[in-house]
Amino acid sequence: MSDDLDVLLSEHRKFDPPAAFRAGAAIASPDVYDRASADLRRYWGEQADKLEWITRYETVLDWKPPHARWFDGGTLNVSANCLDRHVRTARRNKAALVFEGEPGDRRTLTYWDLYVQVNQFANVLKSLGVTRGDRVAIYLPLIPEAAVAMLACARIGAIHSVVFGGFSPESLRDRINDSECKVLVTADGGYRRGSVVPLKRNADKALEETPSIEHVVVVRRRPGAVGDEAFAEMTEGRDLWYHRLMRGAAMWCEPEAMDAEDVLFILYTSGTTGKPKGIVHTTAGYLVGAQTSTAQVFDLKDDDVFWCTADVGWVTGHTYLVYGPLANGATCVMYEGAPDWPEKDRFWEVCERLGVTILYTAPTAIRAFMKWGDHWPARHDLSRLRLLGSVGEPINPEAWMWYREHIGGNRCPIVDTWWQTETGSIVISPLPALTATKPGSATVPLPGYSAAILDVKGNEIPVGGGLLALTQPWPSMLRTIWGDAKRYVDTYFSKWPGHPELYFPGDGAKRDDDGYFWILGRVDDVLNVAGHRIGTMEVESALVEHPAVAEAAVVGKTHELKGQAIAAFVTLREGFKQSPGMRDELRDFVGEKIGAIAKPDDVLFSADLPKTRSGKIMRRLLRDIAEGRALGDTTTLADPNVVSSLKEMYEAQES
Ligand code: WTA
């Protein structure tokens with residue numbers, strides 16, 4: 001049994017970096033790749049020297065596979081790197097966060113404003129007994145106080161664990177208990193698609209079984225909420241109002257000198273199955289990764305307006321909404337709500353009004369925009385945009401082309417960035433002024449990173465499909481799983497026995513003749529048709545290439561002869577109708593594009609696909625549907641109704 005993947009799709013479009021972009025780019029010379037690979041320690045040492053250290057590190061890397069220590073001997077403070085060093089300069093009055101709430105409320109915090117609030121909240125946390133090494137849970141809407149709370153923790157050396165505001169009371173409870181958080185920071189509610197998200201009510205439910213929590217700090221997002229259904233009551237002695245605590249707090253808090261390898265935060269990732277893993281990131285390495293990648297990949301300039309649309313509940317929000325941009329002194333947009341509220345052009349309206357120059361979003365959003373239609377972005381002047389980014393899933397080439405044309409005006413380079421919660425920062429991505437891009441490929445590892453495609457025995461596949469591996473340590477890599485050192489080794493460093501230095505991210509990928517990487521999907525999702533192992537991405541991309549299709553997910557289902565047959569779940573673009581004719585057309589279309597082997601046996605049309613709360617398609621549940629099994633765990637789904645109605649539709653079609 002081999003783990004090689006068949007390569008089906010060939011994509012020949014290629015886009016050179018725009019000449020106008022090259023002038024003045026952060027990295028304009030390709031030497032950087034060679035310099036980095038010639039001496040990894042020197043390269044990362046140079047990047048680390050761009051931070052502000054309290055004590056300079058002694059060694060760059062101590063690598064005892066699979067355990068790395070970066071920048072040992074150094075001490076520093078992350079909040080001082082994100083704030084104090086900017087308020088000493090002319091950036092003091094620059095906008096750090098430009099916030100827009102879903103209802104339309106707006107707030108701009110300068111670096112100085114943010115600095116003062118972080119200092120104050122750091123003092124608040126101290127007054128509640130939080131000290132270095134204690135854990136603080138943050139369960140907030142996407143509002144500036146989320147960044148304030150994170151940075152305040154970093155200032156006093158407390159470890160934050162941000163839990164996405166869309167998670168249930170049970171998920172919050174389990175995460176609080178796993179790392180025994182002492183304080184919870186939440187809000188009286190947030191807004192999503194016009195409704196109130198009852199954060200405090202959910203938190204109250206979680207708090208029935210979280211013995212470690214001593215205090216709950218409540219941010220007031222909805223004045224007058226107390227007593228209403230989404231809020232309930234403050235519990236005396238335990239619950240405290242954020243704004244009251246802040247009023248009395250001193251405005252200076254000495255930043256704690258943290259060791260390079262002290263834990264900065266825990267972030268739980270559930271993947272698609274199993275008990276959530278508390279991914280542990282440490283101070284210096286994480287910040288080096290965040291600062292370096294933000295500067296290089298997004299080519300940040302002082303006058304850019306950078307909008308990363310991710311929530312702080314995900315790693316993308318940690319690294320590219322908070323730590324990376326602030327370490328670089330950038331202006332960030334933070335938008336609380338849904339992209340289709342009150343209308344399906346909210347993102348474009350925000351881009352136009354705030355003058356966004358760099359937009360970083362996810363394929364799931366891009367495919368929704370495609371589905372809604374080209375006229376929504378066309379209503380807005382998006383000419384200030386100069387760079388687009390994508391993250392979270394493989395982006396289908398047609399979605400990439402749509403993004404390029406309808407959002408980027410065929411002008412902006414696209415950086416398709418591959419990385420994970422575990423990697424802490426971007427690993428594989430174009431550099432916008434240097435790398436020619438190909439739709440659907442994340443291109444090549446950034447300077448200082450190295451990846452390969454390996455077969456199951458660990459042999460390299462120079463051209464072709466197989467398992468993605470990262471072959472060298474990098475500063476922002478996870479250090480362990482909170483409370484489960486063994487699971488860290490088993491999950492990430494045990495794929496190739498005898499090679500504890502090889503990191504396995506769990507993704508399948510292929511490499512083309514130019515050495516470009518194409519992520520083919522999670523290996524758990526790989527299809528096996530008549531002995532051919534096929535990544536989900538290529539079949540889905542062939543479907544999305546059809547003008548009627550906005551989004552597609554494919555899974556394997558048991559087949560007597562072929563081993564597996566392919567079942568496709570397809571969402572059509574607005575204006576197209578499902579029909580038996582359309583089904584046959586799509587099957588033939590895939591057959592023509594990538595070969596008869598990949599022709600879906602079943603095609604089911606659906607307005608929605610089951611997704612995780614961060615927008616990733618959950619193929620595991622689609623497999624249950626296709627196999628006619630009982631549905632597995634649906635608790636990590638954004639909308640559990642989607643999958644139950646899909647199951648009914650599928651069964652009706654079968655009978
Ligand atoms: C997938 C998000 C293809 C991949 C930062 C990875 C991608 C998982 C890309 C991590 C991309 C992320 N192209 N696939 N550009 N970016 N992925 O932890 O399967 O939420 O392993 O981190 O998302 O997801 P996570």
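Predicted model: local features only at pLDDT ≥ 70, side-chain atom pairs only at ≥ 80, totals over all residues.
Local features need pLDDT of at least 70 and side-chain atom pairs count only at pLDDT 80 or more, while totals for chains, interfaces and linings use all residues. Residues are numbered from 1 along each chain as its sequence is written, and side-chain values use heavy atoms, with hydrogens and water left out.

Helices (H or I, at least four residues) and strands (E, at least two) are DSSP runs, numbered from the N terminus. Two packed helices are described by the angle between their axes and the distance between the axes. Axes are lines fitted to C-alpha atoms, for helices over the stretch in contact, and angles run from 0 to 180 degrees between N-to-C directions.

Helix 6 (residues 144–156) and helix 11 (residues 315–327) have axes that come within 11 Å and cross at roughly 60°. That makes helix 6 oblique to helix 11; angles under 35 degrees count as roughly parallel, over 145 as roughly antiparallel, 65 to 115 as roughly perpendicular and the rest as oblique. The crossing of helix 6 and helix 11 is right-handed, a term used if the near helix is turned clockwise from the far one by less than a right angle. From helix 6, A147, M150, L151 and A154 meet H318, V322, Y323 and L326 of helix 11, where contact means heavy atoms within 4.5 Å. The residues of this contact divide into 7 nonpolar, 1 polar and no charged. Here Ala, Val, Leu, Ile, Met, Phe, Trp, Tyr, Cys and Pro count as nonpolar, Asp, Glu, Lys and Arg as charged, and the others, Gly among them, as polar.

G355 follows helix 12 and has a positive phi, near 65°.

Strand 20 (residues 387–390) is covered on both faces, with L387 and G389 buried on one side and L388 and S390 buried on the other. In a regular strand the side chains alternate between the two faces of the sheet. Strand 19 (residues 358–361) pairs with strand 20 in the parallel sense over 4 bridges; two strands pair if DSSP finds at least two bridges between them. The bridge partner of Y360 in strand 20 is G389. Strand 20 also runs parallel to strand 21 (residues 414–416), joined to it by 3 bridges, and G389 stands opposite V415 there.

Another part of the model holds an open sheet of 3 strands in the order 29-30-31, with mixed pairing. Strand 29 (549–559) and strand 31 (602–605) are at the edges with a single partner strand each, so one side of each has no neighbour in the sheet. The twist averages 25° from one strand to the next. Strand 30 (residues 563–572) pairs with strand 31 in the parallel sense over 4 bridges, and F605 in strand 31 is the bridge partner of V570.

Two helices lie across strand 29, strand 30 and strand 31: helix 18 (residues 580–594) runs at about 125° to strand 31, and helix 20 (residues 640–654) runs at about 135° to strand 31. Helix 20 also packs with helix 19 (residues 619–627) at an angle of about 25°, their axes 9 Å apart. Helix 19 and helix 20 are therefore roughly parallel to each other.

Notes. Buried < 20%, exposed > 50% of the residue type's maximum accessible area, 1.4 Å probe, protein only.
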